[in-house]
Structures are given as structure tokens and as C-alpha cells.
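User: Could you walk me through reading salt bridges, burial and surface patches in a structure like this? I'd like the general idea each time, then the actual case.

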Amino acid sequence: MIVQVTDVRKRFGDNEVLKGVSVEVEKGEVIAVIGASGSGKSTLLRTINGLETIDSGQIVVNGVPVHDPKSAHLVHQHVGMVFQQFNLFPHLTALENATLALRKVKKLSKADATERAMSALTSVGLAEKAGSYPQQLSGGQQQRVAIARALALQPQVMLFDEATSALDPELVGEVTKVMRELAAAGMTMLVVTHEMGFARETADRVLFFDGGVIGEQGSAEQVFTSPSNPRLQQFLRRVLEH
Amino acid sequence: MNGNAWEAIWAGRELLWNGLLATLALSAVTIITSTVVGFLVGFARYSRIPVLDVVLRVYLELFRGTPLLIQLMFVYFGAAYLRLDWVSVFIASAIAITLYQGAYISEVFRAGFASVPPGQREAARTLGLSRFHTNKDVVFPQTTLVVLPPLFGQYLTLIKNTVLASVIGFSDIVRQGQAIIERGANSFVVYLVIAALFFAFNYPLSLLAGALERRIIRKRGVVA
Amino acid sequence: MNFLNYIELFISGAWVTLWTSTVAFALGLVLGVLVALARRSRLLILRTIGSIYVEVLWNTPVLVQIFIFYFGLASIGIRLPAIVAGIIALGVNAGAYLAEIIRAGLGSVPRSQLEAARTLGLAPAQTFFNVVLPQAIRTVFPPIVNRFIDLILASSLLSAIAVNELTGAARRVNAATYETLAVFAFAMLFYLVLTNLVSLAASVFARYAFKPAIAAPVWFRFRLRGSRLVDQTGLSAGAKSPRAQSKGDSR
């Protein structure tokens, strides 16, 4: 079990967003998290790598107790994150974005860092854009650079927080392709997504989030073809309509 | 030293009071005149009238790109040079400050007008409103609220700027302060008192302007 | 045009204007950074001191501040040469405005950037120097240059304490030749040239120093408009809030 979330609760002000959520993720598993906006999916992801603190419960990632504020910062050595808005550093080239943490956190030499970063960029198909700045790249390219940036640190788990939601439709494909290749290569992934096609084809397990709890979970086959939770049925009807 | 300082100030209080009145008078007059100038220039620039626009850009460049002090000297000493006896220090100061602050205020108005979404004017046109009415009933009312905080800020700056008139001899509060210093008052204390007077006036008003801006942002999402 | 015989006075005056403004501005930058950090500090006492500094200098006239440093200090025993007093006064005043500009610039870097840095494992200090600072510098550059231009214009007030900068030179030439209109018009032209040169130099510098010259919200494209640097969006950190704008001062 590489990620263990036990009975996690989180509230923002008066609003309880996570109402006792428990998940166990095995190494190499690809988990898709679906559900309506505001149901808590992104918040769950963000608690797993400590971007959000939790009110109660436990989160352990690869042995690191994330719920303990003293050791929480260690989780970043094991978990990489890809954001909806890419969050690339605009003043750095693609390559520099990828080498920054390698040099400052992993203390690699410039040569080693460049090598690793270039290999990550190559794996997402953007080796020739290494010297480009983010605003010179399309949305899809920027997101792929963001993925490479996280991959360069060789994490055990990758979190994708609605990675394609901010992309124009024709650019979504190039990003989901990279994600699928990553999954095939055995990366443990938690993917919050609206791309039902991707969830269906690539996920080992699908979690349906509903009002702060996991409404239903099961294999992709199960969840999409024979959902038992009525709210999940409703959700799928609405989502698959267009 | 302290005892003497306060005594001398107290002895000269009438002078200081006159100076304060002079400052207030100059401020009040120029607030009005610079607002009028600023509004007209700002509107003219917003309307993008071809020839006028060039002239006004020169005006802006001139009055925002040179020191107010030089402008004051230019007007006052220049009027004396041209033998325009009716131009008193007050009038010269008022003219210079009006033109100077008017230039900055015009930008406030111009930005204010421009902040009204173009869709508003288009809608007005499709409803058949004349340009005059479009401006009067659609653009201006929406501008007023948005323009108030920066305008307020300009006025506070203007009030501080009036002290420059003392350099060309206007008997404002700073000049009168210098007068009582000549009569023996301690200059540190006198200038501190003058600064405190400005602070006591400007600080609360600046807080008000800030509060106003926050309210407007909350209501409309953006300020000019 | 007799007054042109005195061109040397103008030039030496302009030189004094430039170097005193530069030194004062450097002082202002140091103070500005310190006060900006103080105002962002977690300690209430530092935040309060910073706020008092900024509010007092914003809400009182620069001329009075200059007089306090020169005449005022002299009357309590600290006699500074006029130039020194003037530079300190201008620097302290500029520091108040720069503090707000810098503070706004530091705050303008989106939180998402900080989050991304965190997920990459960067420590807070590393995030500050590698992610926040580079972006903040690009954002604050135009308003800081504009503030320098304002300071150059404000240095004209030093003529009131008998410093021989450009305005003082103009007065002296006027006294010598009485060609009032020509003399002061010439002085105005000189200031225009000075400030526009500074704008131009800053634009050129920005084009080469900032690659790719973006900060999250603002593109740097300077145009010489009214001898101030204005970027295309019309937005500049620290200069947009009316309180900061309103705290403009006699220049």
C-alpha cells in the first residue's frame, strides 16, 4: 500500500468538504476520481501531498505521515503533482522549470540535472522545446512540460488535479496520451478528471465522489456500465449526455 | 528650549492661522478648477478628437514631465516679465496648480470613462440614444462612482502641493511658519507642527478614500 | 538669447539633479525593501513601525520634510549640509512609496506558483529567491522607474534650501539675464529631456535584462507616454491602488 488515507475530515469555514474519507492505493494502481464540482475530489488530492491540512484522520504516503506537520514536507520527495492551471514558472524555460528542483532540492550538478530533465522532457515528447518559455508554448505543451517537471524528480506517486480541464478540446489528447503512457509504465496515479473516456480506459479503479464522501468505487467496468449508486447513475447520465 | 518654542508659536498663532486659511483657500479654489480642467481634458482625450488630442498630449507631457515648482516660477515670474500686474502670487499659484493637477486628474477621468464597457455605448446606440444622451445618462453616471477614490487621492496630493507656493512667496502656512521662525521660534517644532496639521487632515481622508475604493471593488469588481 | 551663455550653469545644475536623485533613490530602495519586508512580517511591532513610516511620509508635504531635515535638525544641533539633508529627505520620502510598490510586487506572485514550488520540494527560501523574486522584480520594474522619475522632478524642491540643482540654476540665470520665459521654458525642456532619457534607458534595459519579460499578470512593453513608463495593460503593481496613486507628491 503506497498511499493510505484513513477517515480524513476537512472543513473550510462552515463547509465540511471531506466527511470521513478512506482510500488505499496499491503501487502501480491508476485511480480515477470523478464527481461533481465541489464534491471534494481536488481537496482530497491536495491533502494527500499536504497542500491542505486535515482536521482529523491519517494520511500515510510511502511511509511518510503526511498528517503530521513536522514530517509533511518530506512527502514531496515521493509525490509529484500536476495542476489544472499548469503553474509553470513563467520566467524560466521549459528545461529550467524541470531542472530547478533537481538542482536546489536534490542538489544535482547542472550537467546531471540537465540530463535528467531532458530525459523527462523527451518522455513527454517535448525535447525540442527545452529552450522555450511557457508563454511560447500551447496549453497542451505547457501541461506536458509540467508533467515532465514533476517526473524529473522521479516520484513514486503522481497526482493529477483536473490536468486537462483548462485545455482547449483539441489539446486534451496530447496530454492524456502522456498520462496513458505513464500508467502503462507502472506509475501509481491518482487522477481527478472530467474526461470519462480516459477514466474508463486507463483507470484500474474509479472513485465517485459525492458530497464529501466516496459514493461508490470499483473497477472502471463496474462503475461505468453497472453503477449501483443512484446519484452516480444520475451523474453519469448528465456527463455522458454531451 | 521647548518652553520657548511653544511660546513663540503661540505668540505667532495669528500668523499661522492666516497661513492656514491661505492654504485652505488655495486648496479649495484649485480643487474646483483642476477638477473642471481635468474633466474637460479627460473627456476630450476619451473622445479622441484628432487635432485636440495632439495638443492635449503635449499639455500632459509638459505638465506631468516637469516639476510643479518650475511651472509655478514660469507662471509667476513670467507674468511679472510680461508686466501682467494683476497676476498676484495667489493667482499665479492657482493657475499653475490647476494646470499641473488638472493634467493628472484628466488621466483619472479618462481612465474612468474608458472603464465603462464599450457594450454600454453600443446598447445605448441600438436604443437610439444620441451621443450626448449616451454620455450624459449612461457613461457619466457609471464613471462617477469609479472615479471618486482616485480623484480623492489627487485632491490630497493637491493639498500637499500647495505648499510649493510658499517658495514663490505665497503666504501660506509654510511661509507663515518661516515668518515665526524668523521671530525666534524653533524651526524643528514649527515644521513638525505644520507636518502634523497636514497629517491630521490627510490621513483620515486617505483612509476614507481607501474604504470607498474597497466598497466599489466589492460592488463592481474593478476600479478605473 | 543671452541666457544660453549660461548653459554651463544649466548643465552643472542638471548634473547635480541627476546624482543627488540617484543617491537619494538608492537610499529609498534600501529603506523601501526593509519597510516592505517589515510590513509583511509576522511581528506586529514591525508591521506597525512600517505602517507608521509609510503613512506619515505619504500624508505630509515633501517640502516640509526637506525643511525638517535641513532647518529643523539644524535648530536642534544637527547641522547637515543642504545637499545631505536634501538627499536624506528625498530618500526617506521615496522609501515610503517604494515600500508599497515592493510590497505589492511581492504579493502579486500568484499563490499557485508557491504551491507548484512546494510540490517540487523547494524550501521557503528557495521558493523566494528562485520563483517569487524573479517574477516580482519584473512586476515592480515600471513603477519603480516611474518613482525614480518622480524623484528627479521632486529634486527641484532642493532649490528651496539653496542646493544648486537644475531649478536653482534656472533661478540664478533668470536673476542674471531676466529673460524669464526663455530661461524657465529651457529648464522645463531640460527636465523633459532628463526624464525621457531615463524612461528610454529603462526600456532598453528591460528589453535585454528580462527574458522573457513576463510576470504572471503583466507584460513589459514600455512606451514613452508622458515620460512615464506605461505598460500595455496600464497596470502596474503598487501604482494602481488609488491610495498609492494618491500619495503622489509634488514633483
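**Salt bridges, burial and a surface patch**

Analyst: Happy to. In chain A, E29(A) and R205(A) pair up through their side chains in a salt bridge, at 2.8 Å from N to O. Keep in mind that this is a predicted model.

User: Where in the chain do E29(A) and R205(A) sit?

Analyst: E29(A) is in the loop between β2 (15–25) and β3 (30–35) of chain A, while R205(A) belongs to strand β9 (residues 205–210), so the bridge links distant parts of the chain, 176 residues apart.

User: Is E29(A) buried or exposed? And what about R205(A)?

Analyst: The idea is to compare relative accessible area with a cut-off: buried means under 20%. E29(A) has 14% relative accessibility, so it counts as buried. R205(A) comes out at 16%, so it is buried as well.

User: How many salt bridges are there over all chains?

Analyst: Searching the whole structure turns up 15. Some of them join into a network: R45(B), D53(B), R57(B), E107(B) and R110(B) are linked that way.

User: How do I read burial for a whole helix?

Analyst: Go through its residues one by one. For helix α1 (residues 41–48) of chain A, seven of the eight are buried, so the helix is largely enclosed by the rest of the structure. Among those buried residues are K41(A), R46(A), L44(A) and I48(A). Just past the end of α1(A), have a look at the backbone too: G50(A) adopts a positive phi of about 80 degrees.

User: What about the surface? Which residues make the nonpolar patch on chain C?

Analyst: For a patch, look for neighbouring nonpolar side chains with over 30% relative accessible area. Here L189(C), V193(C), L197(C), L200(C), V204(C) and Y208(C) make a nonpolar surface patch of about 600 Å². Take V204(C) as an example: it lies in helix α8 (residues 180–209) of chain C, and at 42% relative accessibility it counts as partly exposed.

Technical notes:
Residues are numbered from 1 along each chain as its sequence is written. Chains are lettered from A and ligands numbered from 1 in the order in which they are written. This is a predicted model: local features need pLDDT of at least 70, side-chain atom pairs count only at pLDDT 80 or more; totals for chains, interfaces and linings use all residues. Side-chain values use heavy atoms; hydrogens and water are left out. Buried means under 20% relative accessible area, exposed over 50%, partly exposed in between (1.4 Å probe, protein chains only). Helices (H or I, at least four residues) and strands (E, at least two) are DSSP runs, numbered from the N terminus. A salt bridge is a side-chain nitrogen of Lys or Arg within 4 Å of a carboxyl oxygen of Asp or Glu. Patches are made of residues with over 30% relative accessible area and no salt bridge: like charges are joined within 9 Å, nonpolar side chains (Val, Leu, Ile, Met, Phe, Trp, Tyr) within 5 Å. Accessible areas come from the Shrake-Rupley method with a 1.4 Å probe; for residues, only the protein chains shown count as cover.
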